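Welcome, and thanks for taking a look at this one with us. The report below goes from the chain as a whole to its surface patches, its backbone and its charged pairs.

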Amino acid sequence: MTLDQASAQAVSQTAEPTGNSKESDQASQTGIQLPLPAMASSSVITTAGHQPIRAEIVHAAALATAAEQKARDRQHPKGKYTARERLDLLFDDGTFHEIGRFSGGNINKDIPGSAVVTGFGQIMGRTVGVYAQDFSVRGGTMGQAEGEKICHLMDMALELAVPVVSIIDSGGARIQEGVEALTQYGRIFKKTCQASGFIPQISLILGPCAGGAVYCPALTDIVIMTKENSYMFVTGPDVVKAATGEHISMDDLGGGQIHNQVSGVAHYLGENEADAIDYARTILAYLPSSCQDKPPSYAYAQGRAEDIAAQRIGHIVPENDRQPYDVVEVIRCIVDYGEFVQVHELFAQSVVAGFACINGRSVGIVANQPCVRAGSLDVESSEKVARFVRLCDAFNLPVVTLVDVPGYKPGSDQEHAGIIRRGAKVIYAYASAQVPLVTVILRKAFGGAYIVMGSKAMGADINLAWPNSQIAVLGAQGAVNIIHRKELRRAADDGQDVAALRSKLIEDYEKTTVNANLSLEIGQIDSMIDPEDTRDAISHSLELLKDKKAPPKYPRRHGNQPL
């Protein structure tokens, strides 16, 4: 008997038929479809050898199979996948290689292993490391064995220079192990910080994540949650009630909707686990394996679709600078196949950020969104832009910025929320970026918001503008009301038509000051382009800048970024 046969025999002895099993019925009642095999492929020990099998290996295979069946019995009624089923969704078929399957367990005592699965697999042909917490083992809690497995996995990922995906589904620190369990979190925090900016790190929150454990995903590049069964909070509802008397549900305290729309902790809200995992795979398609590599590029042949999109782009943006439009439609006319993967889509919606390809090259795109608060910058959108630009800069992705901004959102709430400190993060992100920066002004760019959104003064390499774009300290109407306030007041006192006079002054101001000609003359804009040439102009700019070298740095430990 071979090991394959032993594993198959173990499956046949322990797995129940899936056609009418209890867990399948319960899972279907949750409304979440679970198209599952008889056993997750990563749960069975296999080998290609033909030597006689040992009884100990048969026992280990049976133990692994029984553990997976127990996990299915526990997870499926909740509408959740098991840890190993999630890995089957994450990785290309048959590529997952588990490390330390029985680490933290005791085969002789029928203890199959610890509460975390670690290993490596392939995503679109590229190696990726993973650790997935297993809620069916001691509630997925963190102990010494789990901490050592995770740190070992991260050490290997750093040595191999490959991304790490963490799948979180845990009850927190294992109380029985006391301080030793807490120590493991500290070790993981440090490893995550060491890996930050060197390899991409993505966190999938597919269950509870509470207490100090929340800082493991918070330190990673991308956090993904789901609409159901996904929670993050430092103190749970019971603690909040005991400390403050407030009654609040887990969803309202730290559910996926809250962290995607309100707090901005999460970057994507999946419909279900499969959708969340697919988003993680998609994000990794745009990022290199490490900062030592160039971003992925893909074969692309331009065709008639691009010509049609180029003709349409000029009709999307209204000439009236007060009329809103959806900038995502503009982006889809510029990028390959119209595919744009947003990050933080539900948070700070006055700006848009995400990944795309232009002529086969992976890029990051930042744009003001005129259909939400006119595309103005506020405390939340400033942090959204700064974080995304820093992510792109860390992993060598060029940043394309599409500008249509009237300025900063006014109000005491913004000042009190720290728009000065938090707005400075955008400045720091753009000013310190070493990747190619291409900026296009679509319609208007006023005041300090114009400067911080990838202007030439901030270090952008190529700055372009559409013919009707307006660039100034202030919009025409606001400027006229300030500059000509005495003249307008005298006209009102003399009984003249103030509205007609104001319209004439605004028209004169737009002709002489607000248009982009002045910026062209002083070199702050490199070229004026027709809207239909936007994609080609950006593509040519990226081709020009593809071998851009990082400028020499001043000797220092690190900058003191506003946090």
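## The chain as a whole

The accessible surface of the chain is about 25600 Å², and carbon and sulfur atoms account for 52% of it. Such areas come from the Shrake-Rupley method with a 1.4 Å probe, and for residues only the protein chains shown count as cover. Please keep in mind that this is a predicted model, in which local features need pLDDT of at least 70 and side-chain atom pairs count only at pLDDT 80 or more, while totals for chains, interfaces and linings use all residues. Residues are numbered from 1 along each chain as its sequence is written, and side-chain values use heavy atoms, with hydrogens and water left out.

Of the 563 residues in the chain, 51% are buried (buried is under 20% relative accessible area, exposed over 50%, partly exposed in between, with a 1.4 Å probe and protein chains only). You will find 22 helices and 17 strands; these are DSSP runs numbered from the N terminus, helices being H or I of at least four residues and strands E of at least two. Taking contacts (heavy atoms within 4.5 Å) between residues at least 6 apart in sequence, 73% join residues at least 24 apart.

## Surface patches

Patches are built from residues with over 30% relative accessible area and no salt bridge, joining like charges within 9 Å and nonpolar side chains (Val, Leu, Ile, Met, Phe, Trp, Tyr) within 5 Å. Lys and Arg count as positive and Asp and Glu as negative, leaving out His and the chain ends; each charge is placed at NZ of Lys, CZ of Arg, CG of Asp or CD of Glu.

A positive patch on the surface brings together Arg485, Lys486, Arg489 and Arg490. Lys486 sits in helix α19 (residues 485–493) and is exposed, at 54% relative accessible area. Negative charge gathers in a surface patch of Asp307, Asp530, Glu532, Asp533 and Asp536. Here Asp530 belongs to the loop between β17 (527–528) and α22 (534–544) and is partly exposed at 38%. Val473, Leu474, Ile482 and Ile483 make a nonpolar surface patch of about 390 Å². Ile483, part of helix α18 (residues 476–483), is exposed at 54% relative accessibility.

## Backbone with positive phi

Most residues other than glycine have a negative phi. Ala161 has a positive phi near 60°; this residue lies in the loop between α5 (144–160) and β4 (164–168) and is buried at 13% relative accessibility. Asn229, also not a glycine, has a positive phi of about 65° and is placed in the loop between β7 (222–226) and β8 (231–233).

## Salt bridges

The structure holds 23 salt bridges, each a side-chain nitrogen of Lys or Arg within 4 Å of a carboxyl oxygen of Asp or Glu. In one of them, Glu85 pairs with Arg72, with 3.7 Å between the closest N and O atoms.

Glu273 and Arg86 form another bridge, at 2.9 Å between the closest N and O atoms. They lie 187 residues apart, Glu273 in helix α11 (residues 273–286) and Arg86 in helix α4, and both are buried. Glu273 and Arg86 also belong to a salt-bridge network with Lys80 and Asp169.
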